[in-house]
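Subject: Structure for your files

Hello,

Here is the structure you asked for. My notes on what was found follow below.

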Amino acid sequence: VDMARQGDRSVFAELVRLHYPGVIRAVYHLCGNAQVAEDAAQEAIILYRYKEIKSLCRRQASFYQHKDN
């Protein structure tokens, strides 16, 4: 997980491969619709990556602000 957080795409892909079916099953049990479950699982992965990228951008911006001062 730490390697995925550090940006290792192959590790992230493996985590998705391992956990994606379980996410779909969990959502399916909540809503009872296979298509909604698939869509929700995809959205969850996209949102996770977005949050990680946003966090990385903030850390880099903070680094450069401190570096320039």
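**Salt bridge**

The structure holds one salt bridge (a side-chain nitrogen of Lys or Arg within 4 Å of a carboxyl oxygen of Asp or Glu). This is a predicted model, in which local features need pLDDT of at least 70 and side-chain atom pairs count only at pLDDT 80 or more, while totals for chains, interfaces and linings use all residues. Residues are numbered from 1 along each chain as its sequence is written, and side-chain values use heavy atoms, with hydrogens and water left out.

The partners are Arg17 and Glu14, whose closest N and O atoms are 2.6 Å apart. Both lie in helix α2, three residues apart, about one turn of the helix (helices are DSSP runs of H or I, at least four residues, numbered from the N terminus). Arg17 counts as exposed because its relative accessibility is 53%, and Glu14, at 34%, is partly exposed (buried is under 20% relative accessible area, exposed over 50%, partly exposed in between, with a 1.4 Å probe and protein chains only).

**Nonpolar core**

Tyr20, Ile24, Val27, Ala37 and Ala41 make up the largest nonpolar core (buried Ala, Val, Leu, Ile, Met, Phe, Trp, Tyr and Cys residues joined through side-chain atoms within 4.5 Å). Two or more of its residues come from each of α2 (9-31) and α3 (34-68), and α2 gives the largest share, three. Beyond its neighbours within four places in sequence, Ala41 is in contact (heavy atoms within 4.5 Å) with Tyr20, Val23 and Ile24.

**Confidence**

The protein chain has a mean pLDDT (the predictor's confidence in each residue, from 0 to 100) of 78, and 70% of its residues reach 70 or more.

Regards
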